[in-house]
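Please look through the model shown below before reading the notes that come after it.

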Amino acid sequence: MSELAATFAPMSPQEYFAFEEATPLKHEYLDGLVYAMVGATTRHNKIAVNIVTRLNLRLPRGCDVFVSDVKVRIRLAAAEFYYYPDVLVSCSETDRHPLYREQPVVIFEVASPSTLRVDRGEKLANYRQISSLTDYVIVGQDAPEIEVYRRRNDWAREMLGAEEDLALDGIGATLKRSDIYAGVTF
Amino acid sequence: MSLAARKHTLISAADYLAAENDGAWRHEFVNGVVYAMAGASDRHNLARGNLAGLLRAEAQEPWQVFDAEMKVRIRSNAEERYYYPDVFVTCDSADRERYSRDHPVLIVEVLSPTTERIDRTEKFAAYRGSPTLIEYGLLSQDSVELELFRRRTEWAREIFVEDNVVTFESVGISLNVSRLYRGIQFEGRPQ
């Protein structure tokens, strides 16, 4: 009984960091519970690399772009979350923890069928709580569909048009749709 | 933004319902987006059936107990969602739409590896937005464990394990959690 109950003892963030160091898999942390990240396809990775490569060339001074391995920490009134966005841009001089960022400006998720629902639902709900975030972009992996959620549009879903490029308010940069999907065929 | 692209991706609730009520497959609807429902394991199905059966045996009018094939509609502000909870109970004689209910008092999801995260996050958040909901439960299919969250305690987690008696305050029914696992065998530990 107590053994079973013990499996539900929520993990503290400190325990989560120790756990992450001790295991080869990445996990996301949702208010005391951890979920293993699934591996990515080459297509997924190619799209993420495309985004990072182009972003890097267009970043304002003082901004950094990270891919896949840097966490975002989200602290709400009663809960704490750590996610691994596929791509995140951070522009804060004071936001310098070695393992995570707390004030990202732009976040990208490259969505596979198995993550799309979490990206649109749970993660959108939590990312929009980050006061510094201006743009959250979900890039379809298996179809050329790009969804943009912007703070100035009250986080309403916008589908990027087939000929439309992606303007990112927070960093004053624009990414071409064709660059995001460069080398990817559907 | 391109209207063509938007149209391609989002559908109206009316179109969803028209397709869903005729269709052979179940889908959930989240603000214009439709997600197919996965099939379930034997344990998942047994646990769900046990819970629904026990609730049904004791529930009195106007309570109604549904499992798996009935939709709950959650509406708030600009949002509209249709979900298929594993088990839910309503207690409102005016809530009688043919294909859905608006006023659940108890919802229980049986956890599975592919849906657990959604049950704990997206659905829990949406269900909490239903003003009538009193309790939300998550039932494990891998061990005798029921997690229960009640509005009264601001949705704090309570855990019930083997031989614990849980009281569903929303319907006034108490039962031994082990009864939810009748017919289910865990490895090396027959029930």
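Residues are numbered from 1 along each chain as its sequence is written, chains are lettered from A and ligands numbered from 1 in the order in which they are written, and side-chain values use heavy atoms, with hydrogens and water left out. For the complex, the predictor gives an ipTM of 0.77 and a pTM of 0.84.

**Confidence in chain B**

- The pLDDT, which is the predictor's confidence in each residue on a scale from 0 to 100, averages 90 in chain B, and 93% of the residues there score at least 70.
- Over residues 1-8 of chain B the pLDDT is below 50, and this stretch has 14 contacts in the model beyond near neighbours in sequence, where contact means heavy atoms within 4.5 Å.
- Where pLDDT is low, the predicted coordinates should not be read in detail.

**Overall build of chain B**

- Chain B holds 4 helices and 13 strands; helices (H or I, at least four residues) and strands (E, at least two) are DSSP runs, numbered from the N terminus.
- A compact globule of 191 residues would have a radius of gyration near 16 Å, and the 17 Å of chain B agrees with this; the radius is taken over C-alpha atoms, and the globule rule is 2.2 Å times the number of residues to the power 0.38.
- Taken along the principal axes, the C-alpha atoms of chain B fill a box of roughly 55 × 40 × 30 Å.
- Of the 191 residues of chain B, 49% count as buried, a word that means under 20% relative accessible area, whereas exposed means over 50% and partly exposed lies in between (1.4 Å probe, protein chains only).
- Among the contacts in chain B with a separation of 6 or more, 49% are between residues 24 or more positions apart.

**The sheet of chain B and its helices**

- In chain B, 6 strands form an open sheet in the order 3-6-8-9-10-11, with mixed pairing; two strands pair if DSSP finds at least two bridges between them.
- At the edges of this sheet stand strand 3 (64-67) and strand 11 (157-161) of chain B, each with a single partner strand, so one side of each is left without a neighbour in the sheet.
- Neighbouring strands of this sheet are turned by 15 degrees against each other on average, direction ignored; axes are lines fitted to C-alpha atoms, for helices over the stretch in contact, and angles run from 0 to 180 degrees between N-to-C directions.
- Strand 8 (residues 104-110) and strand 9 (residues 135-139) of chain B run parallel and are joined by 5 bridges, and Glu109(B) stands opposite Leu138(B) in strand 9.
- Helix 3 (residues 42-58) of chain B packs on the sheet, where it touches strand 3, strand 6 (87-90), strand 8 and strand 9, and its direction makes about 170 degrees with that of strand 3.
- Helix 4 (residues 116-128) of chain B also packs on the sheet, touching strand 8, strand 9, strand 10 (145-150) and strand 11, with its direction at about 160 degrees to that of strand 9.

**The sheet of chain A**

- In chain A, 6 strands form an open sheet in the order 3-6-8-9-10-11, and the pairing is mixed.
- Strand 3 (64-67) and strand 11 (157-159) of chain A stand at its edges with a single partner strand each, so one side of each has no neighbour in the sheet.
- Strand 3 and strand 6 (residues 87-90) of chain A pair in the antiparallel sense over 4 bridges, with Val65(A) partnered by Val89(A) and Val67(A) by Val87(A).
- Strand 6 and strand 8 of chain A run antiparallel and are joined by 4 bridges, and here Val89(A) stands opposite Val106(A).
- Val87(A) and Val89(A) point one way from strand 6 of chain A, Leu88(A) and Ser90(A) point the other way, and all are buried.

**Two loop residues of chain A**

- Ser68(A), in the loop between strand 3 and strand 4 (71-75) of chain A, is buried, with a relative accessible area of 18%.
- Leaving aside neighbours within four places in sequence, Ser68(A) is in contact with Lys26(A), Tyr84(A), Pro85(A) and Asp86(A).
- His97(A), in the loop between strand 6 and strand 7 (100-101) of chain A, is partly exposed, with a relative accessible area of 29%.

Notes. This is a predicted model: local features need pLDDT of at least 70, side-chain atom pairs count only at pLDDT 80 or more; totals for chains, interfaces and linings use all residues.
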